[in-house]
Amino acid sequence: MKNTNRKAMKTIFSVAVGIMLSGTLSASAQAFDYPEPGDFALGAKQWADSCTRCHNLRGPNELRDDQWITTMFHMRVRAGLTGRETRNILTFIQASNNSLPSNPLMNTSDIVVSKKSSYSGKEIYDQTCIACHGPRGKGAIPGVPDLTDMNGRLSQPYDTLLINVIRGLQSPGSTMAMPPKGGNPNLSEADIRAVIDYLQSNVGSQ
Amino acid sequence: MKKMCAQIALVPVIAMVGLSLPVSAAADASLETLKTQVEQLQKQLEIVQARLKEQEQRSATKEDVQQLEKEVVQASEWLSPNTLVHLAGYGDVGYTKSYGDNDDGSFRVGTFAPIFHFQYRDLVMLEAELEIEVEDDGETNTALEYLTIDVFMNDYAALVAGKFLSPIGQFRQNLHPSWINKMASAPPGFGHDGAAPVSDVGFQVRGGLPEFGGIRTSYALYAANGPTLNFEDGELEGIDAEGFNEDADGDKVFGGRIAILPISNLEIGLSGATGKAAVNKDDGEPIDIKLEGQRDYDVYGADFSYQLTSANVAWLQGLGLRGEYVKSKVGSTDKGEAASGGATWTSWYTQAAYRIPTTKIEGVVRYTDFDSAINSADQKQWGFGLNYLFSNNFIAKFNYELNDGVDNDSEADNNRFLFQLAYGF
């Protein structure tokens, strides 16, 4: 029985090495650029899910973008991440690695008005905001404010919410500041209005 | 008549003087005006000259522009080099007081553990961690915690070759750094010379598998030199599983771990290894391992981790639960100087940590039951911790351990207070 176990382990190890070597050949043929961009939205969720399993979250602005590359490849080995998950998380962290603007509070008149958003508020929330704020707005990581609190963040004046999302915001006790536009620079003024409308109608009223 | 002529002659003189007086006054005024204008122009010229000088100082010369262009080129080179170098790691200091053996308490330097990362694009990374510690007598010990070359073969496999942290369980490979460990000490049995192997030297394949039906899976498989055994007072005293550079007994150990995440915040892991091991130290003295009988060596582990990060109940967010079980078993032999029966080391712990939402305060409770082959090392422990998180990587820990050993006079029976400042970088 004992010898059988050992033989089985040797066989498993040999098969794994075989798979790995065959993968090497295909990887050489692919020769993707470094680092290949990942999926921002998936990366945000995978960042929140994967990192908190072992340790407190490290905010995106704790390291430089290049330092995050080595850190994420180290974590790929340590946490058993796939290459794709690693690239997704790296993309999210690097995109969110922005300091909050130091200029005085902006006015709504400074905001560039855009055309009507082509996405619904829920679509934008699910893509950009859900990783940190959670599927129901209660917060997915320590320190993120509960958006369902009747007297909480969403009870602030509309223009304040709009400016906070555009500029980014550091909540007391939160692991990281909400980056400008939630870390998604592609969001327009209309996109942000759409997501605030969605939150006020569907989340803040819970 | 003469008087009259004189009077007549005076008239034009008086007239001339009278006429010349206003002309002279007008010339003086004009001169003053001119003088004022010149002074104003001088002042304006000085201002213009000062501004010009200031402008010159601010302006870039052609040489400045060329230098700047060169710096920009150099900077852009550093933005995307093929080789990346990064220094990470952790360190801790603190204070420990043990109750029961007249210990007055001591300030302590824990571990300084720099981690070096050298990466070439997304192909390979060399990573190494040093473990530098100060002993009670002031000696500084330096050890190589791990040194691996990680080759990223494809999206699902990395070859990890060298001295690596044992993939058995979670604590040794992922949780032992002081800025990650919620308590100031390792659970009994999961430190050095415990039930759980620390590291090994060999080859490992590990990674994550494609998500299937929302379920994620990670794995690690390895072949390594395996441990050696210590023999003391006629019985097996401990397993040295700290990564030896020689396979002294000539028989490799094969093992691995598989972890399943049925939901994103729950991880369940199973691990194990099997091989042979032999005694190489008797009462602390080296003996010829080739003359010693080969013993069966098996280790099994199970672990879980559950983080309530997006709980329905807001105040439950920040609650983390985890637990781990490990059993190391060594068989018997009737050959050699250290011929004896087998031995087993078992330990398990479970831990709950809760960070009060929107605060920097965290409470921790951990229970451990360590059953060693040496009875005096047996220990049941309740650990209570209060942590203050200055930041997520800089933590102050206040711990109290209620320790229960088999022998009332043993170190394992003494309660302890520990204070630790841990910093991860």
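Helix 5 (residues 121-133) and helix 7 (residues 189-203) of chain A pack with their axes 8 Å apart, at an angle of about 100 degrees. That makes the pair roughly perpendicular (65 to 115 degrees). This is a predicted model, where local features need pLDDT of at least 70, side-chain atom pairs count only at pLDDT 80 or more, and totals for chains, interfaces and linings use all residues. Residues are numbered from 1 along each chain as its sequence is written, with chains lettered from A and ligands numbered from 1 in the order in which they are written.

Here is who meets whom, a contact being C-beta atoms, placed from the backbone, within 7 Å:

| Helix of chain A | Residues in the contact |
|---|---|
| Helix 5 | A:G121, A:K122, A:I124, A:Y125, A:C129 |
| Helix 7 | A:D191, A:A194, A:V195, A:D197, A:Y198, A:L199 |

Now for helix 7 of chain A itself. Its 15 residues should span 21 Å at 1.5 Å a residue, and the end C-alpha atoms agree with that at 20 Å apart (the expected span takes one less than the number of residues). Among its buried residues are A:I192, A:I196 and A:V203 (20 or more other C-beta atoms within 10 Å; 12 or fewer is exposed, in between is partly exposed). The buried residues of helix 7 of chain A pack against helix 5 and helix 6 (158-167) of chain A.

Over in chain B, B:E242 sits in the loop between strand 9 (235-240) and strand 10 (253-263). B:E242 has 18 C-beta neighbours inside 10 Å, so it counts as partly exposed. Setting aside neighbours within four places in sequence, B:E242 touches B:H192, B:V198 and B:S199.

Definitions and conventions
Axes are lines fitted to C-alpha atoms, for helices over the stretch in contact, and angles run from 0 to 180 degrees between N-to-C directions. Helices (H or I, at least four residues) and strands (E, at least two) are DSSP runs, numbered from the N terminus. Angles under 35 degrees count as roughly parallel, over 145 as roughly antiparallel, 65 to 115 as roughly perpendicular and the rest as oblique. Two residues are in contact if their C-beta atoms, placed from the backbone, lie within 7 Å.
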